[in-house]
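I opened my notebook to look up a few things here, one at a time. Come along and follow the entries with the structure beside you.

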Amino acid sequence: MAKPLMAKATAVWLVDNTTISFKQIADFVGMHELEVQGIADGDVAAGVKGFDPIANNQLTQDEIDAAQDNPLYKLKLKFNPAASGEEKRRGPRYTPLSKRQDRPNSILWLVKFHPELSDGQIAKLVGTTKPTIQSIRERTHWNISNMQPIDPVALGLCKQSELDTAVQKAAAKKAAEGGVMSDDERRKLVSTEQSLEMDAAPKIPTAIEGLETFSLSDEPSEEKDDEPIIDADSFFNLPKGGADDEDEDDLRP
């Protein structure tokens with residue numbers, strides 16, 4: 001769906017000049033409902049001048065009236081050739097307030113398990129700033145002792161396809177630089193789809209490690225045939241005139 005020109009300024013104008021709900025404005029301009037509410041509270045887009053969508057041929061007064069009368073009505077943008085391509089998201093990703101506290105944990109996960117990702121890639125994935133990423137890399141973040149690495153996909157901060165795309169780009173860049181990668185690095189640079197298609201490598205149970213060459217066959221082992229066979233009785237034959245005889249002589253009067 002095409003978005004209006006100067007979406008944030010258009011949202012400012014709609015908040016100031018209409019009674020349309022935040023949800024309707026957010027759907028029309030392609031923003032989050034909380035961002036529109038932040039505009040109304042003065043926390044977002046402070047100092048941004050409103051952009052009249054009627055005067056700029058993006059909306060009609062009939063559309064605004066219909067939206068004000070019906071909270072479920074969706075505003076329809078008038079066709080404007082100049083607005084083509086404006087639907088592409090720009091700037092950092094918006095993170096809902098309920099998930100912002102988990103964002104450092106997801107950054108720690110990415111830094112730990114995908115160190116090949118650049119700060120710019122991590123910033124786009126979870127919607128953060130480079131200084132925050134750098135502080136977590138260097139473990140100088142104020143809350144680093146209480147942080148736990150959590151997958152950003154599990155937190156809903158990004159999609160698995162977006163993470164796989166970033167990992168593949170990092171792998172291509174690493175290969176272009178010609179750097180030597182370890183086995184662990186190669187596994188980290190493989191996307192989820194590729195790793196699921198791989199055959200599982202056979203592993204030897206730890207209980208029988210070191211017994212790979214053990215055999216139960218009847219083949220005789222190579223032994224030296226020249227060694228003499230020792231009779232067990234020979235160990236109990238003591239020489240005559242030993243220590244026991246000397247002790248008996250000492251006891252005689």
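Before searching, I noted what a pair is: rings of Phe, Tyr and Trp, with the six-membered ring taken for Trp, pair if their centres lie within 6.5 Å. I also kept in mind that this is a predicted model.

**Entry: aromatic rings**

How many aromatic pairs does a search of the whole structure find? I got 1. The partners are Trp109 and Phe113, with ring centres 5.3 Å apart.

I then looked up where the two residues sit. Both belong to helix H5, residues 103-113, and they are 4 residues apart, about one turn of the helix.

Is Trp109 buried or exposed? Its relative accessibility is 15%, so I count Trp109 as buried, the limit being under 20%. Phe113 has a relative accessible area of 34% and is therefore partly exposed.

Next I turned to helix H6 (residues 119-126) and helix H7 (residues 130-137), whose axes come within 9 Å and cross at roughly 115°. That angle makes H6 roughly perpendicular to H7. I noted the crossing of H6 and H7 as right-handed.

Which residues make the contact? From H6 I listed Asp119, Gly120, Ile122 and Ala123; from H7, Lys130, Ile133, Gln134 and Arg137. Sorted by kind, the residues of this H6 and H7 contact come to 3 nonpolar, 2 polar and 3 charged.

Notes. Residues numbered from 1 in each chain as written. Predicted model: local features only at pLDDT ≥ 70, side-chain atom pairs only at ≥ 80, totals over all residues. Heavy atoms only, no water. Axes fitted to C-alpha atoms, helices over the stretch in contact; angles between N-to-C directions. Helix = DSSP H or I, 4+ residues; strand = E, 2+ residues; numbered from the N terminus. Parallel < 35°, antiparallel > 145°, perpendicular 65-115°, else oblique. Left-handed = near helix turned anticlockwise from the far one by under 90°. Contact = heavy atoms within 4.5 Å. Nonpolar A, V, L, I, M, F, W, Y, C, P; charged D, E, K, R; others polar. Phe/Tyr/Trp six-rings, centres within 6.5 Å; stacked < 30°, edge-to-face > 60°. Buried < 20%, exposed > 50% of the residue type's maximum accessible area, 1.4 Å probe, protein only.
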